[in-house]
Amino acid sequence: MCAQPADPQPDQTTGRVVLDARDIARALTRISHEILERNKGAGDLVLLGIPRRGVPLARRVAERISAVEGLEVPVGSLDVTMYRDDLRMKPARALLPTEIPPGGIDGRTVVLVDDVLFSGRTIRAALDALNDVGRPEAVRLAVLVDRGHRELPIRADFVGKNLPTSLVERVSVRLAETDEVDAVSIDGAPA
């Protein structure tokens, strides 16, 4: 599940910061190298970020992979809004763009990128959305934070930080591209 949008102003830090900008950079570098190792290079990769914060994370991973491999990795976005199973339970949401890179995804290895993996329902929706876009050779999942509490049998292939949390806690991811600061914090932690 994506982290809920950060409510505080971008420069405010709420809760306990568990990853700062340097930690996030290191985690993304490690994820990038793990993707390259597992895929044996970047030749057939396509990265699709799940809006909101998965998109800038996908771009950052692509930049790191390109720096190592010397070739550009296609990056796009995959909106899962209409594929969610909680549409009737939550207020209406704005649709965000789905942008598939030129060349599509057919026969390619697609790495879905998201900020937080929680129940697994967002990723299930992403897999359904992906079916309407094409047929990849393989689909992998990269997340900045895995907080546990899965409701579906979904597991990330590449994880920046495993962050065990309680159900009353909230993981807030803030990124410079959307929030003017890079940080991951846990809010509502028991005292």
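Modeller: We will take the sheets, then the helices, then some single residues.

Colleague: What should I know about the source before reading any values?

Modeller: The model is predicted; local features need pLDDT of at least 70, side-chain atom pairs count only at pLDDT 80 or more, and totals for chains, interfaces and linings use all residues. Residues are numbered from 1 along each chain as its sequence is written, and side-chain values use heavy atoms, with hydrogens and water left out.

Colleague: How are strands and their pairing defined, and what is the order of the strands in the open sheet of five?

Modeller: Helices (H or I, at least four residues) and strands (E, at least two) are DSSP runs, numbered from the N terminus. Two strands pair if DSSP finds at least two bridges between them. Here the five strands run in the order E3-E2-E4-E5-E6, and their pairing is parallel. Strand E3 (75-77) and strand E6 (158-162) are the edges, each pairing on one side only.

Colleague: By how many degrees are neighbouring strands of this sheet turned against each other?

Modeller: Axes are lines fitted to C-alpha atoms, for helices over the stretch in contact, and angles run from 0 to 180 degrees between N-to-C directions. For neighbouring strands of this sheet the average is 25 degrees, with direction ignored.

Colleague: Which residue stands opposite Gly 49 in E4?

Modeller: That is Val 113. The two strands involved, E2 (residues 45-49) and E4 (residues 109-117), are joined in the parallel sense over five bridges.

Colleague: Which helices pack on this sheet?

Modeller: Contact means heavy atoms within 4.5 Å. Helix H2 (residues 54-69) packs on the sheet and touches E2, E3, E4 and strand E5 (138-146), with its direction at about 155 degrees to that of E2. Helix H3 (residues 121-133) also packs on the sheet, touching E2, E4 and E5, and its direction makes about 155 degrees with that of E4.

Colleague: What is the order of strands in the open sheet of three, and is the pairing parallel or antiparallel?

Modeller: The order is E1-E8-E7, and the pairing is antiparallel. Strand E1 (16-19) and strand E7 (170-174) are the edge strands, each pairing on one side only. From one strand to the next, the twist averages 30 degrees. Helix H1 (residues 21-39) packs on this sheet, where H1 touches E1 and E8 and makes about 30 degrees with the direction of E1.

Colleague: Over how many bridges does E8 pair with E7, and over how many with E1?

Modeller: E7 and strand E8 (residues 183-187) pair over five bridges in the antiparallel sense. Arg 170 has Asp 187 as its bridge partner in E8, and Arg 174 stands opposite Ala 183. E1 and E8 share three bridges, also antiparallel, and Arg 16 is partnered there by Ile 186.

Colleague: How many residues of E8 are buried?

Modeller: Buried means under 20% relative accessible area, exposed over 50%, and partly exposed in between (1.4 Å probe, protein chains only). In E8, five of five residues are buried. Both faces are covered, with Ala 183, Ser 185 and Asp 187 on one side and Val 184 and Ile 186 on the other.

Colleague: At what angle do H1 and H2 pack?

Modeller: The angle is about 60 degrees, and the axes are 9 Å apart. Angles under 35 degrees count as roughly parallel, over 145 as roughly antiparallel, 65 to 115 as roughly perpendicular and the rest as oblique. H1 and H2 are therefore oblique to each other. The residues that meet include Ile 24, Ala 25 and Leu 28 in H1 and Leu 57, Arg 60 and Val 61 in H2.

Colleague: Is Thr 81 buried or exposed?

Modeller: Thr 81 lies in the loop between E3 and E4 and counts as buried because its relative accessibility is 7%. A polar contact is a pair of N or O atoms within 3.5 Å; within protein, one must be able to donate a hydrogen and the other to accept it, and residues adjacent in sequence count only if both atoms are side-chain atoms. One of 2.8 Å joins the side chains of Thr 81 and Asp 79.

Colleague: Is Arg 135 buried or exposed?

Modeller: Arg 135, in the loop between H3 and E5, is exposed, since its relative accessible area is 66%. Its C-alpha atom is separated by 4.7 Å from that of Asp 106, 29 residues apart along the chain.
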